[in-house]
Structures are given as structure tokens and as C-alpha cells.
Amino acid sequence: MSLAGIVLCGGKSRRMGVDKAGLTFEGRTWLEVAADALTAAGATHILYSGRPDLPGGLADPVADSGPAGGVLAALTQVGAEVDQVLCVPVDMPELSPDTLRLLAAHKGIGACFEGQPLPFALRLSPAVLAAAHECVTTAPRAPSLRALLRQVGCVELPVPAGLTLRNLNTPQDVAALRAK
């Protein structure tokens with residue numbers, strides 16, 4: 001089975017004040033950390049949603065469609081080329097490949113963790129692509145990522161004991177990460 005990785009990295013970073021993709025963790029940019037985690041989890045190629053300026057980067061197919069639009073762009077790009085995608089946000093530099101492998105191993109259409117739409121794994125099919133397209137293109141405003149995942153049939157898995165999933169959105173969050 002072929003697996004593609006999606007890094008959601010097209011946000012405006014209003015709360016952070018700088019582009020999160022360029023921040024560093026353990027000597028690498030957050031963008032590199034995300035791509036490396038996906039590759040270590042088995043992704044054979046990486047797409048950068050919301051960053052058409054990067055190799056492998058994609059523009060959103062619908063203006064101001066948020067992360068759901070970015071996911072749709074990536075799903076449309078990979079189409080029939082891959083069987084499954086793993087999607088991570090650029091602002092979770094602590095994600096491990098093991099966590100991503102756990103999601104990818106789920107046998108259903110897709111999986112994320114309870115209360116957390118990111119990261120997620122999704123098996124691709126024409127029905128999944130159609131549901132994602134409908135969710136993004138027919139919503140009166142940008143749909144949430146949760147709405148997209150519900151529409152395509154993702155399930156929420158219990159969060160494994162000891163696993164902390166946290167998005168880093170402010171300079172204070174980054175300071176707390178560095179203080180660890």
C-alpha cells in the first residue's frame with residue numbers, strides 16, 4: 001500500500017506572529033520535523049498544503065477554505081496514486097512516527113484521536129474524495145476539519161495513555177516547549 005504525507009502549513013500564524021513552518025525544534029524547522037515524522041511513518045512523498053511556493057506545495061482549491069480546503073487540495077493531488085494519507089499540522093513538532101503509524105494501522109476509512117482532528121489517517125477512495133469535495137465546496141463558509149473528517153467517515157480512537165497532542169500556537173507555547 002502506498003502512503004502520502006500531508007503537512008498543513010498554510011495558516012496565517014496570527015497568534016504566533018511569525019510563520020510557524022520556519023520555527024525550529026531540535027535544530028530543524030517545524031516544516032522539516034513534520035516531513036521527517038511522516039517519512040519515518042512510511043510516507044513515500046510529502047505534500048505541503050497551503051504553500052505553493054515549496055516543492056510539493058499546493059494552493060487551496062477554494063479561497064479561504066481553511067485546513068479542510070488544504071486537505072481537499074492534497075487529496076485531489078494524490079488521487080489514485082496512493083491508497084492512504086497521513087495528515088499533520090506544522091505546529092505539532094512533538095509528534096512521533098509511532099503515533100502516526102498507530103493511526104495508519106487503523107483498518108477503517110480513517111482515524112484521528114478523540115477530541116483532536118489532527119493528526120489523522122485516511123484511506124482514499126472515490127467516495128472519500130467525493131465526500132471531501134462536497135464538504136469543502138458546498139459549505140457557506142470554511143468548514144471545520146472536524147466536519148470534513150465526519151463527512152468522509154473517520155472515527156475517533158482513544159488517546160493512548162501518555163500521549164500528549166498539542167498544537168503550538170503562541171510564543172508562550174514555544175517558550176514552554178523550549179523549557180522542557
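The radius of gyration is taken over C-alpha atoms, and the globule rule is 2.2 Å times the number of residues to the power 0.38. With 180 residues, a compact globule would have a radius of gyration near 16 Å, and the chain agrees with this at 15 Å.

This is a predicted model, in which local features need pLDDT of at least 70 and side-chain atom pairs count only at pLDDT 80 or more, while totals for chains, interfaces and linings use all residues. Residues are numbered from 1 along each chain as its sequence is written, and side-chain values use heavy atoms, with hydrogens and water left out.

**Overall build**

The chain has 6 helices and 9 strands; these are DSSP runs numbered from the N terminus, helices being H or I of at least four residues and strands E of at least two. Whole-chain values are collected below.

| Property | Value |
|---|---|
| Box filled by the C-alpha atoms, along the principal axes | roughly 45 × 35 × 30 Å |

Buried residues make up 48% of the 180 residues, where buried means under 20% relative accessible area, exposed over 50% and partly exposed in between (1.4 Å probe, protein chains only). Contact means heavy atoms within 4.5 Å. Among the contacts with a separation of 6 or more, 68% are accounted for by residues 24 or more positions apart.

**Nonpolar cores**

A nonpolar core is a set of buried Ala, Val, Leu, Ile, Met, Phe, Trp, Tyr and Cys residues joined through side-chain atoms within 4.5 Å. The largest such core has 34 residues, of which Val 7, Trp 30, Leu 38, Leu 86 and Leu 100 touch the most other members. Elements giving two or more residues to this core include strand S1 (3–8), helix H1 (30–40) and helix H6 (171–179). H1 supplies the largest share, 7 residues. Not counting residues up to four places away in sequence, the residues touched by Val 7 include Leu 31, Leu 38, Ile 46 and Val 88. Apart from this core lies another, of 30 residues, among them Ala 74, Leu 75, Phe 120 and Leu 145.

**Gly 66**

Gly 66 belongs to helix H2 (residues 66–78). Gly 66 counts as partly exposed because its relative accessibility is 29%. Beyond residues up to four places away in sequence, Gly 66 touches Asp 60 and Ala 142. Gly 66 and Leu 145 are 79 residues apart along the chain, and their C-alpha atoms are separated by 8.3 Å.
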